[in-house]
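Hello,

Here is the structure for you to look over. My notes follow below it.

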Amino acid sequence: MTLAKAEFSNTQNANIQKWSAYIKGSANRQEILERALDWVSKGDIDGYMSAHRKHKNINELKTYFSSVIDWVSTVFTDTLPEMKGLEWGRLYEEHHGKSYDPTKMSADVKRLAADDYVKSRRGIFEYLLGGSLDTKLLEVRVFETPVKRATYARQTQAAEGKGESNCPLCAIGHDANKSRIYKFTEMDADHVSAWSKGGKSLAENCQMLCITHNRAKGNR
Ligand SMILES: [Zn+2]
């Protein structure tokens, strides 16, 4: 413990500034040490401490901590304020076996950080590490209610004129829903051009689908 404090709680340690880009808290309040222990123990600090009480060195702790920090700073070459305090230990465990192109990652971070539709900038890093699939992490801004209502009214009027369903996917199907007119509350807004492919949450990119079809299209 004395050795660990000398490493992680020593405010003279030249690395502290680098660590602080990723870790919340301060060295003299033991918060960096706590994070280091949390990472190496995968969240079981007490178990780790009792198992390692008799150890004469802190090599494992130091090595693991450096691996996490080196990995983050290699994959993400720019440091954004939103990186501070993320679960880097978990992200390291989940993703460090994959290879990333830091130049592309840097460009992707900048693009997403500048995108007004991304509500959670803290989610950008995990989103990119996971291969840009889980848009939930970004809390992408969805269609405003007036846009949904206007789209619903337009679609429903056109559908009634043609005697087909106001869900465009039901309309091209072959079951009883082919001519079903859904209520507004039975439908949800969908991006015609997927948000992840550059489609915006604007009226011209909105279509209302029945809830079943909207879910089937997945989270985009
Ligand atoms: Zn449908």
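This is a predicted model: local features need pLDDT of at least 70, side-chain atom pairs count only at pLDDT 80 or more; totals for chains, interfaces and linings use all residues.

Helix 5 first. It runs over residues 59–75, 17 residues in total. From first C-alpha to last it reaches 24 Å, close to the 24 Å expected at 1.5 Å a residue. Buried residues in helix 5 include Leu 61, Tyr 64, Phe 65, Val 68 and Ile 69. Trp 71, Val 72, Ser 73 and Val 75 are also on the buried list.

Next, Trp 71, which sits in helix 5. Its relative accessible area is 10%, under the 20% cut-off, so Trp 71 counts as buried. What does Trp 71 contact, leaving aside neighbours within four places in sequence? The partners are Trp 88, Leu 91, Tyr 92, His 95, His 96 and Leu 129. Trp 88 is 17 residues from Trp 71 in sequence, and their C-alpha atoms are 9.5 Å apart.

Now the zinc ion. Its protein donors are Cys 167 (SG), Cys 170 (SG), Cys 210 (SG) and His 213 (ND1). They lie 2.0 to 2.3 Å from the zinc ion. The site is tetrahedral, with angles of 103 to 114° among the four donor atoms. The donor spacing in sequence reads C-x2-C-x39-C-x2-H. Cys 170 in helix 10 (residues 168–171) and His 213 in helix 11 (residues 211–216) link distant parts of the chain, 43 residues apart.

His 213 is partly exposed, at 25%.

Best wishes

Technical notes. Residues are numbered from 1 along each chain as its sequence is written. Side-chain values use heavy atoms; hydrogens and water are left out. Helices (H or I, at least four residues) and strands (E, at least two) are DSSP runs, numbered from the N terminus. The expected span of a helix is 1.5 Å times one less than its number of residues. Buried means under 20% relative accessible area, exposed over 50%, partly exposed in between (1.4 Å probe, protein chains only). Contact means heavy atoms within 4.5 Å. Donors are N, O and S atoms within 2.8 Å of the metal (3.2 Å for Na, K and Ca); water is not among the atoms, so sites may look incomplete. Four donors count as tetrahedral if all angles lie between 85 and 135 degrees; four count as square planar and six as octahedral if opposite donors are over 155 degrees apart and all others between 65 and 115; anything else is irregular.
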